[in-house]
Amino acid sequence: MLDESLKSDLQKRGIFVTSLDEVYNWGRKNSLWPLQFGLACCAIEMIAAAAARFDMARFGAEVFRPSPRQADLMIIAGTVTKKMAPLVVRLFNQMPEPKYVIAMGACAISGGPFKEGYNVLKGIDRYIPVDVAIPGCPPRPEALLEGLIKLQEKIAGQRLLGPERARHADAGDAAEYPVPEYGAHDLEPAFNPDVFHPEPSRRTDA
Amino acid sequence: MNDLAEAIRQAIPGAEVERIENPGPSGQHSLLLGLPTARAVAEFLRDNQGWDFCSNVSGVDWPARKVKETVVRKELVDGVEKEIQEPVEREVPGYLEAVYHLYSIPKKSGPLVVRMRTANRTEAVSVPSLTPVWKSAEFQEREAFDLFGIRFDGHPDLRRILMWDEFEDFPMRKDYVAPDDCEYEPTPHDAVLALVKARQEVA
Amino acid sequence: MSQMPASNAVQTIDVSLGPQHPSTHGVFRMNVTLDGETVTRLQPVFGYLHRNHEKIAETNSWLAAMPYTDRLDYICPLTNNWAYALAVEKLAGLEVAERAEFLRVITAELTRLQNHTAFLGFILGDMGAWGTALMYAFREREKILDLFESLTGARMMCNYMRFGGCRCDTPPGWIEAASALVDRFPAFLDEMEALLTGNEILLARLQGVAPLTAERAIQGGMSGPVLRASGVDYDIRKVDAYGIYSRFQFRVPRGEVGDCYDRFMLRLLEARESVSILKQALATIPDGPVVHPKAKQRGLRPPAGEAYGRIEGPKGELGFYLISTGTDRPYRYRVRPPSLINLTLLEELCLGTKIADVMVILGSIDIVLGEVDR
């Protein structure tokens, strides 16, 4: 990164210095287009966040695209059921890179209050990678905006070149994740081991 | 309700109608319909008695259970006839039940509760469908089939509605075991309490 | 003359509308078969939000099911709470505190107001107005949600009703704030009516679309505004007179034709009646405790038996069928979902219409998937 004092010195003389990464990320983070995709109750708070009082438009994320081909942010707002999970993964696969996922609400993070359910997927991070998780049931619209800002900070810190470059800058990395199938009793597979890394169980009674 | 049962028996010869008492304070007693004449009874209720709105169809699962009863019998004890109460345990076989709540829009009355029971929970799980009588029962009977396994004979389109088609279990039954796919078990409440108490005793 | 194709038969197209769709009110799918643009077959598919509410309620106590009822019809959580509390009170023979009855009516009618307001926004979005009406609707809805937040602690998911009353009393100044909002609300309804009801696009897209006769509506189990738009005079607030609704004067609007326009206008008229009920309730609310002293919450064990309790929710008849075997958790907990049963006639209503009308018809029935799938 450039020396800050040098930067401000040059700025005072009317010369603006930046790096390609900064400009590229600045453009991307301030124009995230979410996919118009609400599952359950959190979708109503997402709509409220996009409505007049909380106004997501100031962050550039006003344009909700109905088609996944035109969206670059997927806000999983609501419970993902096992019946819906293959469709969510397929939608995620259809989004072009760079793409991001915000898991909004307790249900999308881990199944939430419906964790005991036989049809509830215990968190969408079993099949697709999640960038930001916003807890709450439902999270307030301000919480969704904070999650969006955190995602913007994450995007601002992404690199285009070098060994730590972002996923989409890596030509070899596949952006598609396997879609689960409906089995006789559960989804097959129950989770994607490349994506899902849970904490090891601390259960003492076996 | 006894008048209604009488009217049904008079209108449809051979109709099996039984009044089931509801022990709780709600006072909503129900009529148990025999399966062969259930459709005819339903049509009589709709056309003749004005119960034109089928509001709710629920499935209920009653697994086999043991019921303790006291049987009173007379016995000769020392030459004197006495009544002896003997506790007896008998097994009530399990069955599945479809419960219908009917309302009358013109008379603004209800609910009239009507039930149908299957013979058992394993292979004799059919009841006649009341969808031809009240169309509002269509999706709800499909749901009872999906979640309980009750087959409704005469339903126009009996297939799963809430679960996916390849699913094989009946999840709302009492003996259904959900797949064990939780990755994190929350601490049982008592274990947390025990830890807190232990810490308080030491302090 | 060019070669004619071997088969001149018309080909139909199978389209799957949803579950990811801008106008399907959630994860709802319709498998539609189209002949050109005309619908020849429509099969609704749901279950994409089946969250096993009924099974979870069987494993937890009676009170623990209350927060889950919030998440059924997630736009109207307070009326869901009331329906469940009513059913348990019927099952256990509990009485309700007087002030709590007034608070229940006030919160239920405020819920109805914000539901019908949100409906306005959603149906105009379905017709292609792309969120303009939604902004107006949600502006008013936010004011009502502020009231809910100061009363119950949450904007949505209020979890406010308890068996025999409500969870807590109103904070100071709440009744005055609610009265002020109710006094200003007719001005908003006037604004929306002035913008919408004479609008020729709205009239062209709603009038004459999918008329529903009263006999068909009753056969199909329709309830709520859809039933009344078909001309049937049936409002559970008048028929069952649950709570203290018999003390308030209000009219029940009825439609004539039962088309989408009647369903749309009926909700605006119902909102005005709700304003009238609210004015009466807010003026006459007495002081007192908000929970009946004999009602038990946590360790409630209703006697063995069953009960079916229902209310007039904003979407229709919301009922709970509960079976108790005397233990501390329900044996059978069944939700009678108005949104699911109102969809029974969806295929019938949409046959022969154009595909663009399908969205409008679905919007006019006003479903919410949390209730359809539970």
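**The C–B interface and selected sites in a predicted model**

Reader: How many residues does the contact take from chain C, and how many from chain B?
Author: The contact draws on both chains, with 46 residues contributed by chain B and, from chain C, 48 residues. The model is predicted.

Reader: What area do chain C and chain B bury between them, and which residues of chain C lose the most area to chain B?
Author: About 3700 Å² is buried between chain C and chain B, with 56% of it on carbon and sulfur atoms. On the chain C side, three residues together account for 17% of what that side buries. The residues that lose the most area to chain B are C:Gln219, C:Glu306 and C:Tyr331.

Reader: How many salt bridges and how many residue pairs in polar contact are found between chain C and chain B?
Author: The rule finds 4 salt bridges across this interface. In one salt bridge, the side chains of B:Glu143 and C:Arg374 meet at 2.8 Å, N to O. For polar contacts between chain C and chain B, with both residues at pLDDT 80 or more, the count of residue pairs is 25.

Reader: Which element gives the largest share of the side of chain C that touches chain B?
Author: By class, that side has 22 nonpolar, 11 polar and 15 charged residues. The largest share amounts to 5 residues. These belong to residues 305-313 of chain C, that is, strand β6.

Reader: What radius of gyration does chain C have, and why does the value agree with a compact globule?
Author: Chain C contains 15 helices and 8 strands, and 67% of its 374 residues count as buried. Among its contacts with a separation of 6 or more, 72% join residues 24 or more positions apart. Its C-alpha trace spans about 90 × 50 × 35 Å along the principal axes. A compact globule with 374 residues would have a radius of gyration near 21 Å, so there is agreement with the value for chain C, 22 Å.

Reader: Is C:Lys279 buried, partly exposed or exposed?
Author: C:Lys279 is found in helix α11 (residues 260-284) of chain C. Leaving aside residues up to four places away in sequence, C:Lys279 touches C:Val182 and C:Asp183. C:Val182 is 97 residues apart from C:Lys279 along the chain, yet their C-alpha atoms are separated by 7.0 Å. Because the relative accessible area of C:Lys279 is 41%, the residue counts as partly exposed.

Reader: Is A:Val17 buried, partly exposed or exposed?
Author: A:Val17 is found in the loop between α1 (4-12) and α2 (20-29) of chain A. Not counting residues up to four places away in sequence, A:Val17 touches A:Leu2, A:Lys7 and A:Leu10. Since its relative accessibility is 25%, A:Val17 counts as partly exposed.

Reader: Which elements are included in what covers the buried residues of α3 of chain A?
Author: Helix α3 (residues 41-50) of chain A is mostly covered, with 8 of its 10 residues buried. The buried residues include A:Cys41, A:Ile44 and A:Met46. The cover includes elements from two chains: β1 (73-77), β2 (100-104) and α6 (141-156) of chain A, together with α4 (98-129) and α5 (132-152) of chain C.

Terms used: Residues numbered from 1 in each chain as written. Chains lettered and ligands numbered in written order. Predicted model: local features only at pLDDT ≥ 70, side-chain atom pairs only at ≥ 80, totals over all residues. Heavy atoms only, no water. Contact = heavy atoms within 4.5 Å. Buried area = accessible area lost by both parts, 1.4 Å probe. Polar contact = N/O pair within 3.5 Å; in protein donor to acceptor, adjacent residues only side chain to side chain. Helix = DSSP H or I, 4+ residues; strand = E, 2+ residues; numbered from the N terminus. Nonpolar A, V, L, I, M, F, W, Y, C, P; charged D, E, K, R; others polar. Buried < 20%, exposed > 50% of the residue type's maximum accessible area, 1.4 Å probe, protein only. Rg over C-alpha atoms; globule rule 2.2 N^0.38 Å.
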